[in-house]
Each structure stands twice: as C-alpha cells, then as structure tokens.
Amino acid sequence: MRGESMADQPVTAVVRRRIKAGSEASFESLMREFMMSVLRQSGHLGINVIRPSADSREYTLLDRFATEEDRRRFTASPEYRNWMSRLREVSEGDPEIEEMRGLAFWFTLPGRPPRKVPPRIKMALLTFLGAYPLSILYPKLLTPITNGWPPWPKNALIVALLVVSLTWVVMPVFTRVFEKWLFPVKNSSST
C-alpha cells in the first residue's frame, strides 16, 4: 500500500542469542515461558525459534509484531526487561537484534552483517517465484491425505506448509542464489 508508513508495517525482530555451554535446557525452559508471555501482548503476531545446528549454540528467534509501535510498547515494558535479564543469565553476552519490516526478514543471510533492504519489486518477484510452484505442488500432494476434509483445515495446512517452506528453505536458498542481484555492490571507483 502506497500511503502506508514504515511504522504501520509489520515488524520482525530477528534475535540471535548464543547460549552458555551446558545451559541449553535452562534456555529452552525459559524460552517456553517467554513465548507464553509474549503471545499475550497486544499486536504480537507470533514467534518462531530456530534451534542451533549440532556444532553451534546460537539460537535465532523471529518475533513478529503488527506495527513498530506494538514492538516498542513491549520492549519498553518492565516485563520485557525482566525477561531479558533472565535470558542473559544463560547467554554469552547480549543478543544481536535486527528489526525488519514487511517481508525483509526473508532476505537476510545468517552470519552476515545487515544490509539495506532490497527494493520491494525484487522481494515481491522472488517471493512470487518461491510461492507459486509450492501453491500448486502442496494441494496436489495433500489431496490424497486431506480428501474429505472441510476447506478451512485443508487450506490452513497448505498455508502452514507454504510459510514454513518459504521461511526456512526457499527464501534462504533464493537469497544466497540471487544475492548479487538483491544486494548489488556499488562500484566506488570514479572516472
């Protein structure tokens, strides 16, 4: 929407936190409690936890809010400060937090410094290229399993698979493959 300001767009906080060795179980327990708390907040849209690979202790959380104001209100609360203090006890240092608006969080590469958000037309095109084939594939694959289901749970399952596939498989691969197109390097040499 053209008149929509940046503050009116959904905000995703990408939080990377390295856990102290041996504190993984404590962190998992605290995160479950934290998630129950944050899900009750006004304007909160959801939270996902990406657990570390076998050789890492870095957790990534995707914490989504309807607007920037909703996120600011939550992060300014005493409850949030209390949670950050509790989570810091099981973490190695402070978390790395990056806020992204709209679909921009799909276009990040872990372990790379934040970059300027790609143009919306490029994000829209790659999202379409990722979503379109899956929107055809998943209904065909699921028809034998969901035959006879009412439309809403069948569609909910398809959308859930689509979002999970885009978030954790398709868009990370597309972002790597199309990195030079999404984030062109400006030639700083002058003539």
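The model is predicted: local features need pLDDT of at least 70, side-chain atom pairs count only at pLDDT 80 or more, and totals for chains, interfaces and linings use all residues. Residues are numbered from 1 along each chain as its sequence is written, and side-chain values use heavy atoms, with hydrogens and water left out.

- Helices (H or I, at least four residues) and strands (E, at least two) are DSSP runs, numbered from the N terminus.
- Strand β3 (residues 58-65) has 6 of its 8 residues buried, so the rest of the structure largely encloses it; buried means under 20% relative accessible area, exposed over 50%, and partly exposed in between (1.4 Å probe, protein chains only).
- Two strands pair if DSSP finds at least two bridges between them.
- Strand β1 (residues 11-18) runs antiparallel to β3 and is joined to it by 8 bridges, with R16 opposite T60.
- Strand β2 (residues 44-50) is also antiparallel to β3, over 6 bridges, and here I47 stands opposite D63.

**Aromatic rings**
- Rings of Phe, Tyr and Trp (its six-membered ring) pair if their centres lie within 6.5 Å; planes under 30 degrees apart count as stacked, over 60 as edge-to-face and the rest as tilted.
- The count by this rule is 8 aromatic pairs.
- F27 and Y59 form a tilted pair, because their ring centres are 4.5 Å apart and their planes are at 55°.
- F27 belongs to helix α1 (residues 24-38) and Y59 to strand β3, so this pair ties together parts 32 residues apart in sequence.
- F27 is buried at 1% relative accessibility, and Y59 is buried at 4%.
- One aromatic cluster is formed by F34, F65, F74, Y80 and W83.
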